[in-house]
Amino acid sequence: LVAARADRHGLRLVNLVRSTAGARKMRELFPAQPVIVTSDADWREQVRRATGGEGARAVLDCVGGSLTEDLAGLLADGGTLISYGRLGSGATTLDDLPLVNRGLTIRGVTIWHWTERTPQQRAEDLAFAVDLARTSPELLEVAARYDLGDV
Ligand SMILES: NC(=O)c1ccc[n+]([C@@H]2O[C@H](COP(=O)([O-])OP(=O)(O)OC[C@H]3O[C@@H](n4cnc5c(N)ncnc54)[C@H](OP(=O)(O)O)[C@@H]3O)[C@@H](O)[C@H]2O)c1
């Protein structure tokens, strides 16, 4: 869904996945976007190349844990790491990150604060979601269907 949003807004995105199977799926869905597999020994170097050697302006991180230190290292000076989940294990302490020397920002986002967006922003978000569901149903896998009576 992040990739779809970036696609629509013309944002350059480098996708990271942990397995070659995940990479295959991402490449089928978004052939124009680079996909890098974090099980490759040189994945950090691949990301640097994919960001033109400049580093990323922002990282969207839903894995966290010990990966956070690596991800922060891929930011350009002044970049922002946005955390929105914690699928991974291990830990990174704040002191492990070059926040001061490189002027990095770390922030968290959650759906729970979505209602605090302006009515116009929320209307835009909903319109985007509805449009995506209509035009790209393959992005929204259905696990099961239930009759309303089953409630
Ligand atoms: N902040 C918020 O408001 C908010 C709201 C919704 C979701 N989230 C977060 O968004 C993330 C994705 O949610 P989802 O519902 O899409 O989850 P999901 O359907 O379970 O998808 C998880 C994906 O992450 C990968 N993954 C799982 N564990 C991983 C790990 N340790 N390292 C790297 N990749 C891993 C899986 O890859 P494989 O294909 O390799 O298994 C899979 O593609 C989660 O972190 C969730 O907490 C945040």
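Let's start with Ser83, which you'll find in strand β4. Helices here are DSSP runs of H or I with at least four residues, strands are runs of E with at least two, and both are numbered from the N terminus. Ser83 counts as partly exposed because its relative accessibility is 27%; on this scale buried means under 20% relative accessible area, exposed means over 50%, and partly exposed is in between, with a 1.4 Å probe and protein chains only. Leaving aside neighbours within four places in sequence, Ser83 is in contact with Asp61, Arg107, Gly108 and Val109, where contact means heavy atoms within 4.5 Å. Ser83 and Val59 are 24 residues apart along the chain, and their C-alpha atoms are separated by 8.2 Å.

A quick word on what we're looking at. This is a predicted model, so local features need pLDDT of at least 70 and side-chain atom pairs count only at pLDDT 80 or more, while totals for chains, interfaces and linings use all residues. Residues are numbered from 1 along each chain as its sequence is written, and side-chain values use heavy atoms, with hydrogens and water left out.

Now the overall layout. The protein has six helices and five strands, and along the sequence they follow the pattern α-β-α-β-α-β-α-β-α-β-α. The C-alpha trace spans about 55 × 35 × 30 Å along its principal axes. Of the 151 residues, 26% count as buried.

Where is the largest nonpolar core? That core has 12 residues in all, including Ile36, Trp43, Val59, Leu71, Leu81 and Leu104. By nonpolar core I mean a set of buried Ala, Val, Leu, Ile, Met, Phe, Trp, Tyr and Cys residues joined through side-chain atoms within 4.5 Å. At least two residues of this core come from each of α3 (43-50), β3 (56-61), α4 (67-73) and β4 (75-83). Apart from it lies another core, of 11 residues, among them Ala4, Ala23, Val37 and Leu132.

Back to Val59 for a moment: neighbours within four places aside, Val59 is in contact with Leu71, Leu75, Thr80, Leu81 and Ile82. Leu67, for its part, has its place in helix α4 and is partly exposed, with a relative accessible area of 21%. Leu67 and Thr80 are 13 residues apart in sequence and 15 Å apart in space, C-alpha to C-alpha.

Next, please turn to α6. This helix has 17 residues and reaches 24 Å from its first C-alpha to its last, close to the 24 Å expected at 1.5 Å a residue; the expected span is 1.5 Å times one less than the number of residues. Which residues of α6 are buried? They are Asp125, Phe128 and Leu132. These residues cover an arc of only 60° around the axis, so they are on the same side of α6, the arc being that of the directions from the helix axis to the C-beta atoms. The buried residues of α6 pack against α1 (2-9). The face turned away from that buried side carries the exposed residues Pro119, Gln120 and Arg134.

Finally, Ser136 is found in the segment after α6 (119-135). Is Ser136 buried or exposed? Ser136 counts as buried because its relative accessibility is 12%. Leaving aside neighbours within four places in sequence, Ser136 is in contact with Arg8 and Asp131.
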